[in-house]
Amino acid sequence: MRAAVLHGVGKIVLEERPRPEPGPREVLVQVASVGTCGSDVHYYEHGRIGDFVVESPLVLGHEPSGTVVAVGSDVTRHKPGQRVSLEPGVPDFTCAQCRAGRYNLCPRMRFFGTPPIDGAFCEYVTLHEEFAHPVPDSLSDDAAALIEPLSVGVWACRKARVEPGTRVLVTGAGPVGLLCMQAALAFGATDVMITDVNAARLRLASELGASETLDVRENSLSDAGFEPDVLLECSGQPAAIGEAIRAVGRAGRVVLVGMGGDEIPLPLAHVQTRELEVTGTFRYANTWPQAIALAASERVRLDALVTGHHGLDDVEHALRAGSRHPEVVKAVVRPME
């Protein structure tokens, strides 16, 4: 099979590799679509994210969909021909975090495209059958792939306890911010404001149902008069985080979703006097069924985020597209094309 392999900072090489064979509880999936993510871009540009360092050739890509083409000897959930969205991390199933239901925090998680585990910018992958989720035919291959970032939004809304009547502020209108916004609306939030510095993305946010959009290059959030119950922080920008936390009302919830620097200034007096809850998120757990249902019902529009398609020989352009073209939201790689 063909695979696009990261060989160093800024260097992707198209290689021929053996097609993997599924283990007893694994399925072999022919990859149809793979979304590009900011973490893929970060590995491509810097060779590391925090403690995760690329030390040997690595296949990136962790937002895949595809079709099951073969199954291992002990597989019971799938048959060849089943279209699936792949949850790209398999935990050890036995650690304290897994036993508590927090398998996203498993210290031995094997996650696609995270060193040293290869990802899905290739023609075939294998995965434990429990993490290959069937999708209805109404979902496109692209939408089935984007269940992964939608799961980030679903998990963030669960952590924030978004419910009918909640007022939500989303900072950052990138793919994850737009999906957090749509998830919040699907959870019943009545007023959802989203901020960014990219006018094209803010226009898309309006089309996708945002109650208000704010271009923070032109207007200050502090002057907007919007006091949310929940902040879903998706920008990762320290200056934006501090200002946004100051906008949150009493007994509000702050969920830090975006990946920024290792440390951020925290407006501690505001957090204490308003008794804000501040928490982080790391990936997701048990989100795929709900995310698939939201997408299949069109409560969340995934295909609207796709702004371009690329083949395996064009992965570098896919990874660079967002920084070069402000109108790009989500570039998708289609390995079989």
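Modeller: Before we start on the sheets: two strands pair if DSSP finds at least two bridges between them. Strands (E, at least two residues) and helices (H or I, at least four) are DSSP runs, numbered from the N terminus. This is a predicted model, where local features need pLDDT of at least 70 and side-chain atom pairs pLDDT 80 or more, while totals for chains, interfaces and linings use all residues. Residues are numbered from 1 along each chain as its sequence is written, and side-chain values use heavy atoms, without hydrogens and water.

Colleague: Fine. Which strands form the open sheet with parallel pairing, and in what order?

Modeller: Six strands, ordered S15-S14-S13-S16-S17-S18. Strand S15 (212-215) and strand S18 (277-280) are the edges, each pairing on one side only. From one strand to the next the twist averages 15 degrees. Angles run from 0 to 180 degrees between N-to-C directions, and axes are lines fitted to C-alpha atoms, for helices over the stretch in contact.

Colleague: How many bridges do S13 and S14 have?

Modeller: Five, in the parallel sense, between strand S13 (residues 167-171) and strand S14 (residues 191-196).

Colleague: Which strands does H5 lie across?

Modeller: H5 lies across S13, S14 and strand S16 (230-233). Relative to S14, H5 runs at about 175 degrees.

Colleague: And at what angle do H4 and H5 pack?

Modeller: About 55 degrees, for helix H4 (residues 147-160) against helix H5 (residues 175-186), with the axes 8 Å apart. That makes H4 oblique to H5. The classes are roughly parallel under 35 degrees, roughly antiparallel over 145, roughly perpendicular from 65 to 115, and oblique for the rest.

Colleague: Which residues in H4 meet H5?

Modeller: Pro149, Leu150, Val152, Gly153, Val154, Ala156 and Cys157 of H4 meet Val176, Leu179, Cys180, Ala183 and Ala184 of H5. Contact is heavy atoms within 4.5 Å. By class, this contact of H4 with H5 has eleven nonpolar residues, one polar and no charged. Ala, Val, Leu, Ile, Met, Phe, Trp, Tyr, Cys and Pro count as nonpolar, Asp, Glu, Lys and Arg as charged, and the others, Gly among them, as polar.

Colleague: What about H5 and H6, what is the angle there?

Modeller: H5 and helix H6 (residues 199-207) pack at about 20 degrees, with axes 11 Å apart. That makes H5 roughly parallel to H6. Pro175, Leu178 and Met181 of H5 make the contact with Arg201, Leu204 and Ala205 of H6. The residues divide into five nonpolar, no polar and one charged.

Colleague: And H1 with H10? How far apart are the axes?

Modeller: 10 Å, with helix H1 (residues 38-46) and helix H10 (residues 315-324) at an angle of about 105 degrees. H1 and H10 are therefore roughly perpendicular to each other. Asp40, Val41 and Tyr44 in H1 meet Glu316, Leu319 and Arg320 in H10. That contact has three nonpolar, no polar and three charged residues.

Colleague: Back to sheets. What is the order of the open sheet of three strands?

Modeller: S2-S1-S6, with antiparallel pairing. Strand S2 (11-16) and strand S6 (58-59) are the edge strands. Strand S1 (residues 2-8) is joined to S2 by six bridges, and Gly8 has Lys11 as its bridge partner in S2.

Colleague: Different topic. How many aromatic pairs does the structure hold?

Modeller: Three. Among them, Phe93 and Phe131 form a tilted pair, 6.0 Å centre to centre with 50 degrees between the planes. Phe93 is in the loop between strand S9 (89-90) and helix H2 (96-99) and Phe131 in the loop between strand S11 (124-128) and strand S12 (132-134), so the pair ties together parts 38 residues apart in sequence. Rings of Phe, Tyr and Trp (its six-membered ring) pair if their centres lie within 6.5 Å, with planes under 30 degrees apart stacked, over 60 edge-to-face and the rest tilted.

Colleague: Last one, the backbone. Which peptide bond is cis?

Modeller: The one from Pro115 to Pro116, with omega near 5 degrees. Pro116 lies in the loop between strand S10 (110-111) and S11. Separately, Glu275 has a positive phi of about 50 degrees although it is not a glycine. Glu275 sits in the loop between helix H8 (268-273) and S18. Most residues other than glycine have a negative phi, and most peptide bonds are trans.
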